[in-house]
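Please report on the fold and packing of this protein chain. Start with the overall picture, then go to the local detail.

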Amino acid sequence: MKLIDRPLYHRRLECLINTPDIKIITGIRRCGKSKLLGAFAEYIAKTDATANIISIDLTKLKFESLKEYHALNNYIEQRYKENVNNYLLIDEVQLCENFELTINSLHSDEKYDIYLTGSNAFLLSSDLATLFTGRYMEIHVYPFSFREYCAYFEIEGDYDVHFDHYIKLGGLAGSYTYKKDSDKEKYIRDVYDTILIRDLVEKYRLGSATLLKKVAEYLMDNVSNISSARNISNILISGGTETNHMTVGSYVEHLCNAFVFYEAGRYDVRGRTYLQSLSKYYLADTGLRFAVLGKRNMDWGRMLENIVFIELQRRGYEVYVGKLYQKEIDFVAMKGGEKIYIQVSDDISGQDTFRREVEPLLQIRDAYPKMLLARTRHEDSDYEGIAVVDIPRWLMR
């Protein structure tokens with residue numbers, strides 16, 4: 001498979017070199033965590049001439065004997081070198097039973113700079129504090145962005161046509177190696193099925209794989225709609241599925257923990273408060289939606305909203321759904337002291353649609369930036385202080 005540079009994540013890892021934290025690379029299956037770790041090992045070798053790099057990939061047969069934590073510990077300690085930087089990189093660390101005992105022991109010795117990747121079923125964000133008693137830092141990786149998609153296919157210019165392809169194919173780059181669309185979609189469906197069955201149903205012994213799939217497909221079909229476990233369960237029950245809101249809520253939480261979906265809470269713009277009730281859910285990658293549901297109930301505007309949400313997350317923002325009086329603002333994005341209000345639309349060529357999109361932004365009285373992202377196919381413009389920006393061009397910046 002062709003490799004590209006992913007500077008967003010490389011820079012993050014570079015900033016953490018020789019810090020005391022355990023560095024843990026997380027993200028949905030097949031988003032490129034292992035490739036990122038391999039590229040980082042090459043970077044260390046180039047920039048630290050005396051570095052001692054202990055690199056272990058537990059999916060490889062030659063490391064089969066290290067799937068027991070004492071053996072893993074002994075292998076690493078035997079390769080330690082004095083008076084140089086010792087880097088420990090372990091891919092798919094969960095394949096070693098009780099791996100956390102070895103990692104915590106090595107970390108406490110303060111001799112190794114430790115980097116890990118693993119299956120989401122064993123390195124969920126919610127589990128990290130329990131697994132690792134020492135300090136850890138999570139580096140979260142997303143599927144390819146549109147910019148990375150263009151880099152992979154060496155696209156320069158004419159972004160509008162390629163953006164349509166990206167919306168449907170998404171950023172799980174393993175699918176890019178296939179020539180036929182049907183094979184690309186099968187690859188994505190296989191990744192999706194592996195997450196649901198192996199990472200969730202089998203690990204957590206969920207009662208029904210069928211119910212989990214129904215909940216996931218409902219969320220896919222309702223990306224960017226306000227949802228709750230109770231209304232999802234009511235809809236499933238009305239369709240003949242036996243369930244309850246507690247089970248559905250648990251399944252939604254599992255899907256988010258496995259990074260299939262991300263939750264966006266609500267934020268009261270006027271009161272500057274976070275609202276506890278109801279959320280929206282966005283897919284990790286729009287390619288999943290097309291591979292699983294096809295074009296059923298297709299809403300391009302909601303797919304664009306999904307892509308913008310994930311891109312804001314990728315750029316390090318905390319992202320909320322804004323509420324202002326009885327109106328909704330698609331996103332309130334915050335990072336440090338920065339805040340941006342964003343509306344997302346497919347087509348704003350009609351005057352009525354344009355007015356409907358900008359009206360909530362015009363009602364905001366503070367001085368933070370406001371932006372309307374749409375498929376304008378033109379350069380940036382300004383409307384009464386609101387930046388009107390073409391989505392593909394914004395994604396390429």
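How many helices and strands are there in the protein chain? This predicted model has 15 helices and 13 strands. The radius of gyration is 22 Å, close to the 21 Å from the globule rule for 397 residues, so the chain is as compact as a globular protein of that length. Along its principal axes, the C-alpha trace spans about 70 × 50 × 50 Å. Of the 397 residues, 52% count as buried. Take the contacts between residues at least 6 apart in sequence: 66% of them join residues at least 24 apart.

**Cores**

The largest nonpolar core has 91 residues. Its members with the most contacts inside it are F163, V215, L219, L255, F261, L312 and F331. Helix α8 (residues 181-204) supplies the largest share of this core, eight residues. Beyond its neighbours within four places in sequence, V215 is in contact with L236, V248, Y251, V252 and L255. A second, separate core holds 23 residues, including L66, Y75, V93 and F132.

The table sets them out.

| Strands | Sense | Bridges | Residues between | Turn residue with positive phi |
|---|---|---|---|---|
| β8 and β9 | antiparallel | six | two | Y325, about 55° |
| β9 and β10 | antiparallel | five | two | G336, about 60° |

E318 has M334 in β9 as its bridge partner. K335 is bridged to E338 in β10.

**Helix α14**

Helix α14 covers residues 351-362. At 1.5 Å a residue, its 12 residues should span 16 Å, and its end C-alpha atoms are 16 Å apart, which agrees.

Which residues of α14 are buried? They are F354, E357, V358, P360 and L361. These cover an arc of only 150° around the axis, which puts them on the same side of α14. An α-helix has 3.6 residues a turn, so residues three or four places apart point the same way. The face turned away from the buried side carries the exposed residues Q351, D352 and R356.

What do the buried residues of α14 pack against? The list is β8 (318-324), β9 (327-335), β10 (338-345), β11 (370-374), β12 (381-383) and β13 (386-390). The strands of both hairpins, β8 and β9 and β9 and β10, are among these packing partners of α14.

Methods:
Residues numbered from 1 in each chain as written. Predicted model: local features only at pLDDT ≥ 70, side-chain atom pairs only at ≥ 80, totals over all residues. Heavy atoms only, no water. Helix = DSSP H or I, 4+ residues; strand = E, 2+ residues; numbered from the N terminus. Expected span 1.5 Å × (residues − 1). Buried < 20%, exposed > 50% of the residue type's maximum accessible area, 1.4 Å probe, protein only. Arc of directions from axis to C-beta. Contact = heavy atoms within 4.5 Å. Core = buried A, V, L, I, M, F, W, Y, C linked by side-chain atoms within 4.5 Å. Pairing = 2+ DSSP bridges. Rg over C-alpha atoms; globule rule 2.2 N^0.38 Å.
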